[in-house]
Amino acid sequence: MKTKVGMVPFIGLVGFAALTLAGHAGAQEQVVKIGHSGPLSGPNAFAGKDNENGVRLAIEELNAKKITAGGKTLKFELVSEDDQCDAKTGVSVAQKFVDDGVKYVMGPYCSGVAIPASRIYASGGTMISTVGTNPKVTQGGYKNLYRIIASDNQIGSSMAVYAAKVLKVTKVGVIDDRTAFGQGLAEEFTKEAKKQGLTIVGQEFTTDKAVDFTAILTNMKSKAPEAIFFGGYAPQAAPMARQMKQLAVPGKLLGGDTVCSPATGKLGGDAVNDLVFCAQGGSILEKAQSGPAFKAKFKKRFNVDADAYAASYYDQVMFIGESMQKANSIDPDKVGAELYKTTYKGVAATYAYDEQGNMKQAPITVYTFKNAAPVPLASY
């Protein structure tokens, strides 16, 4: 009995010591929330989920590395919200992130969300990294806002140059979906097309909810374009391609980055083959040094192929993690200072930002479709 009684305080001391050590270890860990704002429902949900997975993969790898800043091991956590590619919803998501103290947000995906939401993020001291391509996204004067791919003026103009120099067309029609993204992209294409000496034979407008383009394509057909440029998203580009075939509209269907998605092939089937040509920010992953390895580990982790911007989102999260190490801080201003002055070689590109948060050199790849899948033709 005496021995047992004597053991009680000993066990208590051991337990207390274990708790103290556990508490000490916990105190050495710093949770860093990484927000993701994108369309997780609706027609562009495929893109939102792809972007989210790119963020998730990077977070898992950063956690495995156990990087430190300020003397603490950083533990990254993903917090994802569905902004539906809707401006009002996206602003609400931004306010929620700011209120919850989320200092790093990947997204939004849609320019029409990124433009109004950026003001909320800036006022809350939150860093955002977006694939919104409308030039206005980075023209608000907000610091710690980064466009992690090429902008509309780069993508739209490169498609116009490709149409003139490679496809050798002289007459083009233009259609846009009236979103900030689609309209901005079409405007940039049109400006460069005119510089290249192309004739714009007609301009039509639709919406990002439409699926029947019979009327505008019939009208366009009467003007005999050799190509039609569409400023909009894959869920509209795919049926547009099918209807061009059905109506025997001449020429190719050209588009920007969102049209390069595998979703265009899945929705459009054989109709998109050798008909659709598009320009996307980023280099050809298959030919990039670490591209095949990234594609393989993404497929293994999520059992689905990486879509348009998974690699870009992955790259930026890894860049942010590296910058936290260099800055020895998780403060967005200190991390942002590192981003502005550092160059990072990622999977999809080499990242270096100007004072507005645009990539100094953003590679662009032109694709077409074979067997209903995007096939890269050349990078510029």
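**A pair in helix 11**

Author: E322 and K326 are both found in helix 11, where they sit four residues apart, about one turn of the helix. Helices here are DSSP runs of H or I with at least four residues, strands are runs of E with at least two, and both are numbered from the N terminus. The model is a predicted one, in which local features need pLDDT of at least 70 and side-chain atom pairs count only at pLDDT 80 or more, whereas totals for chains, interfaces and linings use all residues. Residues are numbered from 1 along each chain as its sequence is written, and side-chain values rest on heavy atoms, with hydrogens and water left out.

Reader: OK, and in what do the side chains of E322 and K326 meet?

Author: They meet in a salt bridge, at 3.4 Å from N to O, a term that stands for a side-chain nitrogen of Lys or Arg within 4 Å of a carboxyl oxygen of Asp or Glu. In general, side chains of opposite charge can pair when their charged atoms come close.

Reader: Do E322 and K326 count as buried, partly exposed or exposed?

Author: E322 counts as partly exposed at 25% relative accessibility, and K326 falls in that class too, at 47%. The classes are set by relative accessible area, with buried under 20%, exposed over 50% and partly exposed in between, using a 1.4 Å probe and protein chains only. Elsewhere, salt bridges that share partners tie K49, E52 and R56 into one network.

Reader: How many salt bridges does the count come to?

Author: The count comes to 15 salt bridges. One of them links R178 with D176, at 2.9 Å from N to O; R178 is partly exposed, with a relative accessible area of 41%, whereas D176 is buried at 4%. Another joins K209 to D208, with their closest N and O atoms 3.3 Å apart, and there K209 is exposed at 62% relative accessibility while D208 is partly exposed at 24%.

Reader: Back to helix 11, then: how does it cross helix 2?

Author: The axes of helix 2 (residues 45-65) and helix 11 (residues 310-327) come within 7 Å and cross at roughly 35°, each axis being a line fitted to C-alpha atoms over the stretch in contact, with angles running from 0 to 180 degrees between N-to-C directions. The crossing is right-handed, which is the word used when the near helix is turned clockwise from the far one by less than a right angle, left-handed being the anticlockwise case.

Reader: And which residues meet there?

Author: From helix 2 the list includes D50, N51, G54, V55 and L57, and from helix 11 it includes A310, Y313, Y314 and V317, where contact means heavy atoms within 4.5 Å. The residues of this contact divide into ten nonpolar, three polar and three charged; Ala, Val, Leu, Ile, Met, Phe, Trp, Tyr, Cys and Pro count as nonpolar, Asp, Glu, Lys and Arg as charged, and the others, Gly among them, as polar.

Reader: Which residues does L339 touch?

Author: L339, which lies in helix 12, touches M127, Y146, Q316, F319, I320, S323 and Y353, leaving aside residues up to four places away in sequence. L339 is buried, with a relative accessible area of 0%.

Reader: Finally, how many helices and strands are there in the protein chain?

Author: The chain has twelve helices and 15 strands, and 52% of its 380 residues count as buried. Its C-alpha atoms fill a box of roughly 105 × 40 × 40 Å along the principal axes.
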